Amino acid sequence: PPVDDDEAARRLVRKAVGALGIATEPELRDYYRLGPGRNRRALAELVEAGEVERVGVRGWRRPAFRDPDARVPRHVTGRALLCPFDPLIWERARAERIFGFRYRIEIYVPEPEREFGYYVFPFLLDGRLVARVDLKSDRAAGTLRVKGAFAEEGVDETRVAAELAAELRVMADWLGLDDVVVGERGGLASALDREVRAR
């Protein structure tokens, strides 16, 4: 059934808290693109009702908000390629603050000034952003092209290359592409190429 605007805002803010896990007020606002006043009112009402908890996070300048029933898992597993517009990395300052991962969409940067490439997908592995790949779907050739592959500092590159190769195969299959071809750019490219060729 229809709900009034205030209830709709509370529901959206509550969903944003659940999706982000822990976030500042501007990050919650950005999730559904609510206006500042409406978001702040809804958030204050949810805090007052005990549905959202206000917390401090060491190193964060702003207060944060979380679901009072949320629990931190003992161990996070899984892998995913994140498109540049994925909610996990959409708010760039948040991705940098939480993951130590500086990410910019370089499609708007002139080619000679690009650091990683045109359309770069971060790679999430076991709760950490461990690599990034510049991808291009070459439909005419039936190929997912990895134009560049870059590991983050301090990761196990052998494991990252193996997991990333498997995830690239999943993406190629999903896109209906037959091959994955790795180029030469980036420090992870040769290890990734070996893993892709071994599959």
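Helix H5, residues 92–99, gives the most to the lining of the largest pocket, with three residues. Helices here are DSSP runs of H or I with at least four residues, strands are runs of E with at least two, and both are numbered from the N terminus. This is a predicted model, in which local features need pLDDT of at least 70 and side-chain atom pairs count only at pLDDT 80 or more, while totals for chains, interfaces and linings use all residues. Residues are numbered from 1 along each chain as its sequence is written, and side-chain values use heavy atoms, with hydrogens and water left out.

Back to the pocket. Its volume is about 560 Å³. The lining has 18 residues, and the closest to the centre are Leu20, Gly21, Val72, Pro73 and Val76. By class, 10 of the lining residues are nonpolar, four polar and four charged. Ala, Val, Leu, Ile, Met, Phe, Trp, Tyr, Cys and Pro count as nonpolar, Asp, Glu, Lys and Arg as charged, and the others, Gly among them, as polar.

A word on method. On a 1 Å grid over the protein atoms alone, a pocket is an open set of points with protein on both sides within 12 Å along at least five of seven lines; a cavity is a set where a 1.4 Å probe fits but cannot get out; lining residues have an atom within 4 Å of a point. Points are joined across faces, edges and corners, and a volume is the space filled by probe spheres set on them.

How many cavities of 30 Å³ or more does the structure hold? One. The largest cavity has about 40 Å³ of space. Helix H3 (36–48) and helix H1 (5–20) each supply at least two residues of its lining, and H3 gives the most, with four. Five of the lining residues are charged, two are nonpolar and none is polar.

Now the strands. S6 (residues 128–138) and S7 (residues 143–151) run antiparallel, joined by eight bridges; two strands pair if DSSP finds at least two bridges between them. Valine 133 has alanine 149 in S7 as its bridge partner. Four residues separate the strands of this hairpin, and glycine 142 in the turn has a positive phi of about 65°.

S7 also pairs with S8 (residues 179–185), in the parallel sense, over five bridges. There, arginine 145 stands opposite valine 181.

Last, leucine 175, in the loop between H6 and S8. Leaving out residues up to four places away in sequence, leucine 175 touches Ser137, Arg139 and Leu144, contact meaning heavy atoms within 4.5 Å.
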